[in-house]
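Here is a friendly tour of a few local features. Have the sequence and the model open side by side as you read.

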Amino acid sequence: MSAFKSEFLTTLSERGFIHQCSDVDGLDALAAKGEVVAYVGYDCTAPSLHIGNFLTMMMLHWLQQSGNKPVTLMGGGTTMVGDPSGKDETRPMRTLEEIEANKASIRQVFQKVLQFGDGRTDAVMTDNAEWLLKLGYIDMLREVGRHFSVNRMLTMDSVRLRLEREQEMSFIEFNYMVCQSYDYVELARRYGCNLQMGGSDQWGNIVNGIDLGRRMGTHQLYAVTTPLLTTASGAKMGKTAQGAVWLNAEQFSPWDFWQYWRNTEDADTVKFLKLFTTLPLSEIARLGALGGAEINEAKKVLATEATALLHGRAAAEEAAETARKTFEEGALADTLPTVEVPEHELDGGLGLLSLIVTAGLAASNGEARRHVKGGAVRVNDQPVEDERLALGRSHLANGVVKLSVGRKKHVLVRPV
């Protein structure tokens, strides 16, 4: 991409955030004058956001740092419809109570990376339930629906891919892009929004919003999307043996979050330092130049900086220190993740394989058995070769049992 006038697009480009942009020159000119008001929508399908959302949150962070205004949109209304993008089947219908609970849970994470308030560049949080739930069906069809071509909607990836795979799409899902497009128009009118950002899978929905704005008489609207998050080996980013990498500490602890980044593939270290930390590019270049085993030091910096952004510096440094004690000193660190088991079960013996699964160190007994046969399992730092081992009181050390799979996965089993 060519050189930009604005700090905002320069930063996004240099750090690898930009996949598509609807009008680079027009958006660049607005950003250079500090006149961009950008939003990202977040549906409330779970109690926490995940790694993919962290990427767009960082885009809003850099937007604010460059003197422009971010808007975070809670999808209290669109969650009731369900985004079909990238899905082979209809999302489960959420109740109003579930949506409200999820919304309350995920709001807190934005305050970690954005400054909210009443100032010109302070972030604003709003909820599309404010306007979507008040719309009359016939009014919506007449005022908004008439601007949509069904022929064009059928060509959008979120619809086309589902139909090509002969997977059913409900009528309510088919309306999702209409709702998202209308969100853009409503935010343009209420807050002066002129940019919507999102993942690459949202490009069609965002462009529809730009077109709807033109038809309904808003100012000029723009779009920016990020690349699909994948690792150097081609895997989709954000999944572990335990499931999704959540941003809330209740769903995914600071320790697990730190470990996730520490386990980054060598080839991804610089890429993730640019996307998920606020370190200067000069420092990232220095870390990226480290060779051989020294790349592990760069991964530790990545883990600590990414964790500090979301969970605070103290939690990040505690995780780093726990890792140092555990991996470099072989010590029993009290701050390791803990799994509690009923104390009386120690009398009869706890089966090793089932305990490994319960602790989240393997997804099944079969996977746990393969870890044992491969020599990866240790109890209190001692290798275990017997898959039929039953853990009892004799295995307690300082009131806990340290269970490890490989060099980087450890939990403390604590009887209660």
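## About the model

This is a predicted model, where local features need pLDDT of at least 70, side-chain atom pairs count only at pLDDT 80 or more, and totals for chains, interfaces and linings use all residues. Numbering runs from 1 along each chain as its sequence is written, and side-chain values use heavy atoms, with hydrogens and water left out.

## Helix 10

Helices (H or I, at least four residues) and strands (E, at least two) are DSSP runs, numbered from the N terminus. Helix 10 covers residues 176-191, and its 16 residues should span 22 Å at 1.5 Å a residue, which agrees with end C-alpha atoms 22 Å apart. The expected span is 1.5 Å times one less than the number of residues.

Of those 16 residues, 13 are buried, meaning under 20% relative accessible area, with exposed over 50% and partly exposed in between (1.4 Å probe, protein chains only). Just after helix 10 comes Gly192, with a positive phi of about 75 degrees.

## Strand 5 and its partners

Strand 5 (residues 195-199) has 5 of its 5 residues buried, so it is largely enclosed by the rest of the structure. It runs parallel to strand 2 (residues 37-43), joined by 2 bridges, and parallel to strand 6 (residues 222-226), joined by 5 bridges. Gln196 is the bridge partner of Tyr39, and Ala223 in strand 6 is the bridge partner of Gln196.

## Around helix 6

Ile138 lies in helix 6 and counts as exposed, at 52% relative accessibility.

How values were computed: Pairing = 2+ DSSP bridges.
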